[in-house]
Amino acid sequence: MAVVKSPKKQVNLFYPLDCEDLAHKVALQSPNIILQNIKWRSFADGFPNLFINNAKELRGEHVAFLASFSSPAHVFEQLSVIYALSHLFVASFTLVLPFFPTGSFERMEEEGDVPTAVTLAWMLSNIPMSRGGPTSLVIYDIHALQERLYFGEKVLPLFETGIPLLKQRLSHLPDADNVRTISTALPLSVDQLGDIKVVIAFPDDGAWKRFHKLFDNFAVVVCTKVREGDKRIVRIKEGNVSGHHVVIVDDLVQSGGTLIECQNPRRMHLPTSGSQILALLLSKL
């Protein structure tokens, strides 16, 4: 007896105002993604006054929310909507979080430290179950994989990465055919680099540990931070980038100072008119 394939499910996608452009781009990828609206308003005292449009029509439907926790001020109002959506007797609820803002503070180094990554994980872990069960929590390029263990049983965390998109983009470079496989475990000499045109640069050991296994087919360099007077300068620790395209891959950002230093041609020992430097930020990503 032939297996009858069920039609693809439709997903109702909600989003905050600062994700509107991204939400529309996502919706263009599939006719089964239906954009929905929320009235994002505030009372006179500044606290949110929110309303979910078409709430009754969501019963039995699949619902997703594209979140943006880029500012602490946005977290409360979006969590309010997230909690409410899962309560609307929906068939399933998925939360997509492209940026986990507290991911870099995931451990205590001395008594008194407050690991805010754990706090945010607890807040997300208390999203009410929908009719279909626990919330699917999709997070991109989280800073530390062990943070998966911080979440409770009411959510199902799924860690995704944007690295495949980067590698796809690199494959379209004019000289991409010259990229060859080199072991990245040891420092690279000029002779080893040879005809390689793309080099992946990690600003520090933390970024290297987080992402280097995803770049097996690329030569890499690892940088380190050294103190010169009152400044912290980025220097090359391992590898050589001279005459090559450099792609800087970092796993977190605060002020952006490390990325700026790392892309300085003088720090990377590059001729200012030679190699191109692309600074790629992957959220705490």
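Here is a short chat about reading a predicted model.

Me: How are the residues numbered, and what counts in this model?
Reply: Numbering runs from 1 along each chain as its sequence is written. Because the model is predicted, local features need pLDDT of at least 70 and side-chain atom pairs count only at pLDDT 80 or more, while totals for chains, interfaces and linings use all residues; side-chain values use heavy atoms, without hydrogens and water.

Me: How many helices and strands does the protein have?
Reply: Helices (H or I, at least four residues) and strands (E, at least two) are DSSP runs, numbered from the N terminus. Here you get seven helices and 13 strands.

Me: Is Ile-38 buried or exposed?
Reply: Buried means under 20% relative accessible area, exposed over 50%, and partly exposed in between (1.4 Å probe, protein chains only). Ile-38 has 10% relative accessibility, so it counts as buried. Ile-38 sits in strand β3, residues 38–42. Across the protein, buried residues make up 40% of the 285 residues.

Me: Which residues does Ile-38 touch, leaving out those up to four places away in sequence?
Reply: A contact means heavy atoms within 4.5 Å. On that count, Ile-38 touches Phe-14, Phe-51, Asn-53, Phe-65 and Val-81.
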